[in-house]
Amino acid sequence: MLRLAPWLSIAALAIAWEVFARSGAVTPFMLPKLSTVLARIGAEAASGELWQNLAWTLYRSLTGFAIATVLGLGLGFAVAHNRVVRWLLDPLISVGFPMPKIAFLPIITLWLGFHDLSKISMVVFDAVFPVITATIAATLGVERHLLWSARNLGATERELLHEVVFPAALPQIMTGLQVSLPIALIVCIVAEMKMGGVGLGGAMITASRFADSPGVFAGIVEIAVAGYVLVKVMAAVRRRLLAWHPEATAPSTV
């Protein structure tokens, strides 16, 4: 029964949506019935349009996320362990992290056009900062007595990084990745909306241009489900990678 509890709010929202849409308080254009939207999603799934749009959106967002992960980990460790790199990059990271990077979308479009490269580049640009900051904070937060003990036992700097620093920093790094993944999906959707083309965001903006209200709301539901699945997959990866960590045996709060 407790496993079903988190779904009660979703069920209540779905029922409220259907009842309110049928009440006549709003027009079907403003808020189509949930049953109509679900029928539209079913039709898109049957025709293959849904899977094509979903595949392109996931390809762009996950490719950008993967690049941001590798780049963010590398820059994060470099900033944490090299004073010259820290001196060069820390001001840029401090300015870039809080900046709304989506404002650079027109520039990316001018430089790279409207193709996948520009959309993936925009995802990387946005998603890399949470990974960098989490990696820096996690690496600098490793307990010093662990480093001293490893050095006293004869560990080289490379062994220190792989055997001590990275495992100790992994929980906080995973938190950064869990923040970065939804950002990657959000930025990908926004980029598709602005640039057009195949994808969930592109399909939504096309439906909006043709005043296709069920198509717009179908896109919202599809994006919500895709985001939920990605977050759950990332949480499962975290549990797998941190099976050795005390948080794996901590009682669940849900």
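Helices here are DSSP runs of H or I with at least four residues, numbered from the N terminus, and the model on which this tour moves is a predicted one.

Begin by selecting Glu222, which is found in helix 10. Glu222 is buried and yet has no salt bridge; colour Arg40 as well, since this is the nearest side chain of opposite charge, and it is 7.1 Å away. A salt bridge would need a side-chain nitrogen of Lys or Arg within 4 Å of a carboxyl oxygen. Now show the surroundings of Glu222, where, leaving aside neighbours within four places in sequence, the contacts are Ile41, Glu44, Leu50 and Leu200.

Next, select Trp17, Val37, Ile173 and Leu177, the residues that touch the most other members of the largest nonpolar core, which has 51 residues. Among the elements that give two or more residues to this core are helix 1 (5–22), helix 2 (34–47), helix 5 and helix 10 (213–241), while helix 8 gives the most, with 14 residues. Staying on Trp17, and not counting residues up to four places away in sequence, you will find that it touches Leu31, Pro32, Lys33, Leu34, Val37, Phe217 and Val221.

Finally, move to helix 5, residues 105–112, and select Leu105, Ile108 and Thr109, which are buried. Looking down the axis of helix 5, you will see that its buried residues fall within an arc of 100°, so they line one face of the helix. Turn to the face that points away from this buried side, and there select the exposed residues Pro106, Leu110 and Trp111.

Definitions and conventions. Residues numbered from 1 in each chain as written. Predicted model: local features only at pLDDT ≥ 70, side-chain atom pairs only at ≥ 80, totals over all residues. Heavy atoms only, no water. Buried < 20%, exposed > 50% of the residue type's maximum accessible area, 1.4 Å probe, protein only. Arc of directions from axis to C-beta. Core = buried A, V, L, I, M, F, W, Y, C linked by side-chain atoms within 4.5 Å. Contact = heavy atoms within 4.5 Å. Lys, Arg positive; Asp, Glu negative; His and termini not counted.
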